[in-house]
Every structure is written in structure tokens, then in C-alpha cells.
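Try each task before you read its solution.

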Amino acid sequence: MIGYVTIGTTDLDRAIKFYDTLLATIGIQRLWQHGDMAAWGLSRAETALCLARPFNGRAASAGNGVMVAFKVDTAKQVDAFHAKGVLLGGKNEGRPGPRGEHGVYAGYFRDLDGNKLNAYVPEQRNSH
């Protein structure tokens, strides 16, 4: 249903380095970069994350209540993704662990521009 999600950045070069390194922890690579945009995903046929300088030329801002979540296969991937995000300068917004009563395992942080990110396992089945 969703083709891609775009989040903004004020420093495209810095953000590309952040996302290249971060997303490699869960096997996702940059698909393309041109002008003021770049995109990551498993392929051009799959849902992608795009990063862009705002078209209107104003400063990028993170939306309150907006989050991009990456579905992964194991809790170890959640842990690695969260740890890498914080190591790269992101701000911890919730250490990896069980969430709610649905068996979800997730970790939350904000990127260098304040965009909220999450990696999660929909149902944890002894994947740690």
C-alpha cells in the first residue's frame, strides 16, 4: 500500500552518511541519490525511505507523532539498529524491549534531524 515515506533533513550529506551506516545494520542499502533527495530500500519494487531537503527551501522539522518503523526479523536486529542509531549521534527515545501486550519487541530513537525511528519485531518468538 505505501510506496515510500519521505522525511526531511537540513544537512543532506550528513544525513546520507547516517542512514547509509544505520540501515546497513538491517540489510538495507541506498537505492539512489539525486539533487536534494536519496532513497533506501530492499529494491525499487519495495517500500522505500526517502530523505530530502524541503522543497520550499525552509528548514526541515520533525513531525510530532510522526515515526518511521522498520520491521525486522529478530530482537538482535532491533538491538543492533537502536545501538547504531544512538552511536551515530541519534537520541534514545526508548531502549529496545517488549512493548504492550502483543509480543512486540521494539527500540526507538531520533535521527540527527529529530525524526523518530523505530525497529521492531511484530511478534517476538525467542528471537533474542
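**Exercise 1. In which loop is the place of Asp-113, and which partners does the side chain of Asp-113 meet in polar contacts?**

Before starting, please note that this is a predicted model, in which local features need pLDDT of at least 70 and side-chain atom pairs count only at pLDDT 80 or more, while totals for chains, interfaces and linings use all residues. Residues are numbered from 1 along each chain as its sequence is written, and side-chain values use heavy atoms, with hydrogens and water left out.

Step 1. Asp-113 sits in the loop between β7 and β8. Helices (H or I, at least four residues) and strands (E, at least two) are DSSP runs, numbered from the N terminus.

Step 2. Check the accessibility: with 18% relative accessibility, Asp-113 counts as buried. Here buried means under 20% relative accessible area, exposed over 50%, and partly exposed in between (1.4 Å probe, protein chains only).

Step 3. Look for polar contacts, which are pairs of N or O atoms within 3.5 Å; within protein, one must be able to donate a hydrogen and the other to accept it, and residues adjacent in sequence count only if both atoms are side-chain atoms. The side chain of Asp-113 has such a contact of 2.6 Å with that of Thr-9, and another of 3.4 Å with that of Arg-14.

Step 4. Leaving aside neighbours within four places in sequence, Asp-113 is in contact with Gly-8, Thr-9, Thr-10, Asp-11, Arg-14, Ala-15 and Ala-62.

**Exercise 2. How many salt bridges does the structure hold, and which parts does the pair of Asp-113 and Arg-14 tie together?**

Step 1. Apply the criterion: a side-chain nitrogen of Lys or Arg within 4 Å of a carboxyl oxygen of Asp or Glu. The structure holds five salt bridges.

Step 2. Asp-113 pairs with Arg-14, with the closest N and O atoms 3.4 Å apart. Because Asp-113 lies in the loop between β7 and β8 and Arg-14 in helix α1, this pair ties together parts that are 99 residues apart in sequence. Arg-14 is partly exposed, at a relative accessible area of 35%.

Step 3. Turn to Asp-20, which forms a salt bridge with Arg-30, the closest N and O atoms being 2.5 Å apart. Asp-20 lies in helix α1 and Arg-30 in strand β2 (residues 29–34), so parts that are 10 residues apart in sequence are tied together. Asp-20 is partly exposed at 26%, and Arg-30 is partly exposed at 32%.

Step 4. Now find Glu-93 and Lys-91, whose side chains meet in a salt bridge (3.7 Å, N to O). Salt bridges with shared partners join Lys-91, Glu-93 and Arg-110 into one network. Glu-93 counts as partly exposed at 29% relative accessibility, whereas Lys-91 counts as exposed at 55%.

**Exercise 3. Which residues have the most contacts inside the largest nonpolar core, and which element gives the most to this core?**

Step 1. Recall that a nonpolar core is a set of buried Ala, Val, Leu, Ile, Met, Phe, Trp, Tyr and Cys residues joined through side-chain atoms within 4.5 Å. The largest one has 25 residues, and those with the most contacts inside it are Tyr-19, Leu-23, Trp-40, Phe-70, Phe-81 and Leu-117.

Step 2. Assign the core to elements: α1 (12–24), β3 (37–41), β4 (48–52), β5 (67–71), α2 (75–87), β7 (104–110) and β8 (116–121) give two or more residues each. α1 gives the most, with seven residues.

Step 3. Zoom in on Tyr-19. Not counting residues up to four places away in sequence, Tyr-19 touches Ile-7, Ala-24, Trp-40, Leu-49, Leu-51, Asp-111 and Leu-117.

Step 4. Compare with Phe-81, which is placed in helix α2 and is buried, with a relative accessible area of 0%. With residues up to four places away in sequence again left out, Phe-81 touches Leu-22, Leu-23, Thr-25, Ile-26, Phe-70, Phe-109, Asn-118 and Ala-119.

**Exercise 4. Where is the place of Ser-61, and is Ser-61 buried or exposed?**

Step 1. Ser-61 is found in the loop between β4 and β5.

Step 2. At 62% relative accessibility, Ser-61 counts as exposed.

Step 3. Take a C-alpha distance: Ser-61 and Lys-116 are 55 residues apart along the chain, and their C-alpha atoms are separated by 11 Å.

How values were computed. Contact means heavy atoms within 4.5 Å.
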